[in-house]
Amino acid sequence: MSVLLKGALLYGEEAVDVVIAEGRIAGLEPPGGASDGDLVVDARSLVLLPGLVDLHTHLREPGREDAETIQTGSAAAALGGFTAVHAMANTQPVADTAGVVEQVWRRGVDAGLCDVFPVGAVTVGLRGEQLAELGAMAESAARVRVFSDDGVCVNDAVLMRRALEYVKAFDGVIAQHAQEPRLTEGAQMNEGALSGVLGLRGWPSVAEEAIIARDVLLADHVDSRVHICHLSTRGSVEIVRWAKERGINVTAEVTPHHLVLTEEIARTYDPRYKVNPPLRTAADVEAVRRGLADGTIDAVATDHAPHPHEDKDCEWAAGAFGMLGLETALSVVIETMVDTGRLDWRGVADRMSVRPARIGRLDGHGRPLEVGEPANLVLVDPSARWTVDPARLASRSRNTPFVAREMHGRVVATFLAGRPTVLEGRLT
Amino acid sequence: MRHLLSAADLTRDEALLILDTAGELGKVTDRAVKKLPTLRGRTVVNLFFEDSTRTRISFEAAAKRLSADLITFSAKGSSVSKGESLKDTALTLEAMGADAVVVRHEASGAPHRLAHSGWIDCAVINAGDGTHEHPTQALLDAFTLRHHLSGGEGALDGRRVVIVGDVLHSRVARSNVLLLHALGASVTLVAPPTLMPVGVQTWPCEVSYDLDDALPGASAVMMLRVQRERMNAAYFPSTHEYSRRYGLDTRRASLLADDGIVLHPGPMNRGMEITADVADGQRSVIVEQVTNGVNVRMAVLYLILGARAEADLTEASQ
Amino acid sequence: MADAEARRGSTGPDASGRVLDADDIARVTRRIAHEILERSHGPSNVVLMGIQTRGVPLAQRIAGSIQDIEGVEVPLGSLDITMYRDDLRLRGARPLEVTDVPALGVDDRIVVLIDDVLFSGRTIRAALDALSDIGRPRAVQLAVLVDRGHRELPIRADYVGKNIPTSREQAVRVRLTEVDGVDEVAVEG
């Protein structure tokens, strides 16, 4: 199958005709220069970027297929412009063996809507006691490179050290969910003046920052690489910036919701806004935006966390942590980073595709838009405006924090290895 | 006033209206017939997810004195203890035709959720939610203070009230700071730093770690219950040390202004935060607080259900 | 009684709608005081209960007249009937006013309820309920400054200052010095 994208704006810059054939970019021609293809897309005034890569996705399968499946999650990913996602390990059973990660990987291939790369658990059952068989998962068909106990912190310093050391053998990375557990027992929202007023148990910034500080020092000490999941505070940005200046091999991600929402919304006591780490203050939002702009934060990662309706339609304390993210992530980045002039489109490509692919050691993703490269691509209409209707999301769950919010820009088409998964904003 | 979820919902005038109304309703208590027909045909539901005998029976007495039909749901022995959700319980109550729901819940914000989730349409009155608020307790405390300090009329301007104890976990303290501030009193919170909420410096009150510094000349001191479990969570080293530094004994009570009074929302830990002789002493108004609770809750039920009637009428005429 | 009052004839309202001025009001309250004494064979068993708001100063004035006539101070109280209204759904909650029962109570007394305007009768119905929760009078009578008709309940006044025929849409405004700074009754609309 050959595809012709007519007049696409390469990284939002010059217009070109893009020829796609045999899963690769076969030609980049001046507009009007290319001949027909099996599929011709009028891409005038649409921005062409490499397909987005999510480092942090909860697909819930196996175990919680009532919340999401690999099929529905892949569909949500494709609609959000993603061509690759990293499926977190906190499934039931936990993805802590080669068997489970291979199953997830195969189900992703079967769905065929985006490449699903399983994340392996660091410890058996996420229990923080004993290392999982990291090598077996790395050597499996799933080729796992990212390991994380996400949902819980690898709190034991010795265990963390060993994990950091061990994954060096296969160029893996430990993605740390930085949360000191004792400081956050029963925590419900960001700790500060507002949590005091609302009477909700606080989740202090220091509980995140203390772990990040420890782990960058550990990574330095054992000369390994560490990745910080969903970094959310100003202090965390400062620690990562400091570590990078020291030459420590640390990378970090921020979620779309931490780029745009603040703790103030907890005043509603609506668990739709309950997430871990919690929404922080306006100063933290500003700091993570700045960190993302200057590259201290490497990637935007969705932490897409589907939950069934009943787990959110309740009192705050009973609500589950987490928000949907795949179908709204790019719009949030456009609103907070592009439309504000903090990132250009090459910057978006870097933070949402190039660097996450590099952190995950993915070969076929996050590649330059050049002839001969794999045709994992997304076409974006930067001026479109749309409103989030939870009922129309592809995800099996509805727990988006952006209900009725006007979103900036939308995905028009997504191509996975040259094949369209989304056209005209709909699944093909 | 469509709901009463937080003391912050009340302006000074609204708070005074409740206190004035409670004062008039209090006279009914002295009559032979202790009942008013005002809420005849209205249904008030007491929805108690957390055990609280005194608050529950206070609301029950208030609703009955106003002739409302009363349904009491308490967690023990009802479907809520079998894992039925707040939402499903609320829907059941709505189906029973509740006009007002009085809710006590261990989760902060649960009454707010009931009022704003769209599950139900009736009035919601917060009878204590988690570590958030307990507005009717603050109203009855304000009523008691006013009775003793201002002859039962007007506000509390210029009066100083000291609130002592586990402020961090206290919904009573939160509501009292907001309400007493609105009524013109100045409030001083006293607790060990471990039992002060983060951000307390942004509250409309003074903060002190030293009880002996805070008491002299104060018009009233309110002692909060301190749970012994807090000791195990390292909030303070021992109950003995807590009592010594933050307990109210006769010597400390004598530091108050001449007409100064002692309050406690109950239930008390005698010997822990308050000595028995102070609890039973001349300055103690602890028993009176209970009586005033019924009057204040009658006023709240009457004013909220009345305000809703008015709002419905305005809606119908539009 | 109502017929007799009607025969006394009434001057129509003046241009401002005023139907009673200060002198008229003084005259009719004095007359009502006389009528109460006549009917009750003297002041000894009488208790006056003014219905909040304007029934209270009216009751005080009638009590004053009785004092002038008989040299006796009759027990005087006030009644706030807000909590006894049947129209909470229609009119909403309002601040309560003072209910003040005379020290010796109302049991076995002749209680004269005093209000400014008698209209549907619902206020009086509520006042009767309120009174029955306070005690058990031997008899209850009703005195009003103005009866404007349009009763919705089988209630009538024993003493009427003035009958004023009105349409339902009109409003009867009673203003008294103690509350409003001026004494007058006007029909508006």
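The model is predicted, so every value I give is computed from it.

I'll start with chain B. By that assignment, chain B has 12 helices and nine strands. Its radius of gyration is 20 Å, close to the 20 Å that the globule rule gives for 318 residues, so chain B is as compact as a globular protein of that length. Along the principal axes, the C-alpha atoms of chain B fill a box of roughly 60 × 45 × 35 Å. Buried residues make up 51% of the 318 in this chain. If you take contacts in chain B between residues at least 6 apart in sequence, 76% of them join residues at least 24 apart.

Next, the core. The largest nonpolar core has 296 residues, and B:Val164 and B:Leu301 have the most contacts inside it. Helix H12 of chain B, residues 286–317, gives the most to this core, with 11 residues. What does B:Leu301 touch, leaving out residues up to four places away in sequence? The list is B:Leu39, B:Val44, B:Ala62, B:Ala63, B:Leu66 and B:Ala100.

Now the interfaces. Two pairs of chains are in contact, and chains A and B share the most contacts. On that interface, 16 residues of chain A meet 21 residues of chain B. Helix H5 of chain A, residues 193–198, provides the largest share of the chain A side, four residues. By class, the chain A side has eight nonpolar, five polar and three charged residues.

Chain C also touches chain B, with 14 residues of chain C in contact with 17 of chain B. On the chain C side, helix H4 (88–91) and helix H5 (122–134) each supply at least two residues. That side divides into nine nonpolar, two polar and three charged residues. Chains A and C have no contact with each other, and their closest C-alpha atoms are 28 Å apart.

Staying with chain C, there is a helix pair to look at. The axes of helix H2 (residues 22–39) and helix H3 (residues 55–70) of chain C come within 9 Å and cross at roughly 65°. The crossing of H2(C) past H3(C) is right-handed. Residues making the contact include C:Ile32, C:Ala33 and C:Leu37 from H2(C), and C:Leu58, C:Ile62 and C:Ile66 from H3(C). In this contact, seven residues are nonpolar, three polar and three charged.

Some backbone details. The peptide bond between C:Gln52 and C:Thr53 is cis, with omega about 5°. C:Thr53 sits in the loop between strand E2 (46–51) and H3 of chain C. Chain A has a cis bond from A:Gln92 to A:Pro93, with omega near 5°. A:Pro93 is in the loop between strand E7 (82–87) and helix H2 (98–111) of chain A.

A:Arg60 has a positive phi, near 70°, and is not a glycine. Is A:Arg60 buried or exposed? A:Arg60 counts as buried, because it has 28 C-beta neighbours inside 10 Å. A:His230, another residue other than glycine, has a positive phi near 20°. A:His230 lies in the loop between strand E13 (226–228) and helix H7 (234–245) of chain A, and counts as buried because it has 26 C-beta neighbours inside 10 Å.

Last, A:Arg267, in the loop between helix H8 (256–260) and helix H9 (282–294) of chain A. A:Arg267 is partly exposed, with 13 other C-beta atoms within 10 Å.

Notes
Residues numbered from 1 in each chain as written. Chains lettered and ligands numbered in written order. Predicted model: local features only at pLDDT ≥ 70, side-chain atom pairs only at ≥ 80, totals over all residues. Contact = placed C-beta atoms within 7 Å. Nonpolar A, V, L, I, M, F, W, Y, C, P; charged D, E, K, R; others polar. Axes fitted to C-alpha atoms, helices over the stretch in contact; angles between N-to-C directions. Left-handed = near helix turned anticlockwise from the far one by under 90°. Rg over C-alpha atoms; globule rule 2.2 N^0.38 Å. Buried ≥ 20, exposed ≤ 12 C-beta atoms within 10 Å, placed from the backbone. Core = buried A, V, L, I, M, F, W, Y, C linked by C-beta atoms within 7 Å.
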